[in-house]
Amino acid sequence: MRYRRTFYGRRKSRPPLNISSGGQCIGQKQLEKIFLCGDPHGEFKQILSAIDEYHPDAVIILGDLTPEVSLDEIFKGVTHTKIYWIPGNHDTDSDLIYDRIWRSKYAINNLHGKVLDVCGVKVAGLGGVFRGQIWMPPAEPIYNSPGEFIKKLGKATTWRGGLPRRHRSTIFHSVFEKLQESKADVLVTHEAPSVHSKGFECLDNLASKLGVKYFFHAHQHECKNYGVINGYVAKGIGLRGVIDLAGNIIVPAQADLRETENKDFVEKKVKVKKLPASKFRRIYKVRRDKHWKGHSAWPKDMRFGTEPRVVFQSQLPDHGSREGK
Ligand SMILES: [Fe+2]
């Protein structure tokens, strides 16, 4: 049995998965040489460590890179590994972030809307997100192509002579349509397919039309193995996770604290709702009678018809009307 080292020790190597590319069978070793990375969100240590340890032939970053310096600076020591990427919705948040990616030498390795040969594997990429102003499936697109959008908006709203910066990470129907005419082995997207609760059915159709065997997505920050759907294996990589095409986890994904907190909050809320009143009082020690004597829920000195509390008296102006009482 073969074992592979991961950040959490050793684990069994998976049986070979046959991906056919142009009639040729791609071997297990080749699959293990291509790494896929979930949203780095400005953190590249996990990718650089994985490159340093395993020397993969290629690394594909699935959007939301938001680097703090130029990609040239980040990957300056990387010589034998090719770096590919697709944009995420946050990669167009500012001019600085945009330039750190699109003005680096890695700009030409953007897989968005293309099928490229990545070390012998045909990889199709669809970066960005669906935005209601342009196209929110399953509804019909409002603007079909970037050209149509610019024409409607006029030159005053263009950015650097073209599409507004924000929409450079928006999925346009024309790009989507052109991509689905191709054939590929692997599909990488930033948005999730419909198997995820926030996913899109049109991405399932895209994967089927491309005839892929694997479909990887990012954006939702969850590491999920959905199993085989419509003849392809679908996986969510998760926040800052790194996996290889053979399915080995190289760097486990991180928990998204915002989502964990949200889940805890919702779960607590549901739990409280389900509790009967007596049990709720017992757990949360809400015993009104214990603290406040009498039938009213208000303390005695705050009920109508009683003397105002001292704190109120001191706040009164010096008219003396109440002081005389
Ligand atoms: Fe995202």
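Trainee: Which residues of helix 2 are buried, then?

Mentor: Q46, I47, A50 and I51 are the buried residues of helix 2.

Trainee: What makes us say that they are on the same side of helix 2?

Mentor: The arc they cover around the axis is only 135°, and that puts them on the same side of the helix.

Trainee: What covers the buried residues of helix 2?

Mentor: The cover includes strand 5, strand 6, strand 14 and strand 15. Helix 2, residues 45–54, lies across these four strands and runs at about 120° to strand 15. Just after the helix, H55 takes a positive phi of about 50°.

Trainee: In what order do the strands of that open sheet come?

Mentor: The order is 7-6-5-14-15, with mixed pairing among the 5 strands. Strand 7 (82–85) and strand 15 (249–251) are the edge strands, as each pairs on one side only. From one strand to the next, the twist averages 25°.

Trainee: How do you know that strand 14 and strand 15 pair?

Mentor: Pairing needs at least two bridges. Strand 14, residues 242–244, is joined to strand 15 by 2 bridges, and the two run antiparallel. The count meets the cut-off, so they are called a pair. I243 has I249 as its bridge partner in strand 15.

Trainee: Let's turn to helix 7. Which residues are buried there?

Mentor: L203, L206, A207 and L210 are the buried ones in helix 7, which spans residues 201–210. They share a side of the helix because their arc around the axis is only 95°. Their packing partners are strand 9 (121–126), helix 6 (173–179), strand 10 (186–189), strand 11 (214–217) and strand 13 (232–236). G211 follows helix 7, with a positive phi near 75°.

Trainee: What makes strand 10 a strand covered on both faces?

Mentor: V186 and V188 on one side are buried, and L187 and T189 on the other are buried as well. In a regular strand, side chains alternate between the two faces of the sheet.

Trainee: In which sense does strand 10 pair with strand 9, and in which with strand 11?

Mentor: Strand 9 and strand 10 pair in the parallel sense over 4 bridges, with A124 opposite L187. Strand 10 and strand 11 also pair in the parallel sense over 4 bridges, and V186 stands opposite Y214 there.

Trainee: Why is strand 12 called hardly covered?

Mentor: Of its 6 residues, 224–229, the count of buried ones is 0. Being buried takes 20 or more other C-beta atoms within 10 Å, so none of the residues of strand 12 reaches that cut-off. In the hairpin, 2 residues lie between the strands, and N230 takes a positive phi near 50°.

Trainee: Why is P146 called partly exposed rather than buried or exposed?

Mentor: P146 has 18 C-beta neighbours inside 10 Å. Buried needs 20 or more and exposed needs 12 or fewer, so 18 falls in between. P146 is in helix 5, residues 146–153, and touches L163 and F172 beyond four places in sequence.

Trainee: Which residues touch the most other members of the largest nonpolar core?

Mentor: In that core of 64 residues, they are L36, C37, I60, L62, L187, V188 and V212. V212 has contacts that include A124, L187, A207 and Y232.

Trainee: Where does pLDDT stay under 50?

Mentor: One such stretch is residues 6–24, with 35 contacts beyond four places in sequence. Another is residues 286–325, with 16 such contacts. Where pLDDT is low, the predicted coordinates should not be read in detail. The mean for the chain is 81, and 71% of its residues reach 70 or more.

Key. Residues are numbered from 1 along each chain as its sequence is written. This is a predicted model: local features need pLDDT of at least 70, side-chain atom pairs count only at pLDDT 80 or more; totals for chains, interfaces and linings use all residues. Axes are lines fitted to C-alpha atoms, for helices over the stretch in contact, and angles run from 0 to 180 degrees between N-to-C directions. Two residues are in contact if their C-beta atoms, placed from the backbone, lie within 7 Å. pLDDT is the predictor's confidence in each residue, from 0 to 100. The arc is that of the directions from the helix axis to the C-beta atoms. A nonpolar core is a set of buried Ala, Val, Leu, Ile, Met, Phe, Trp, Tyr and Cys residues joined through C-beta atoms within 7 Å.
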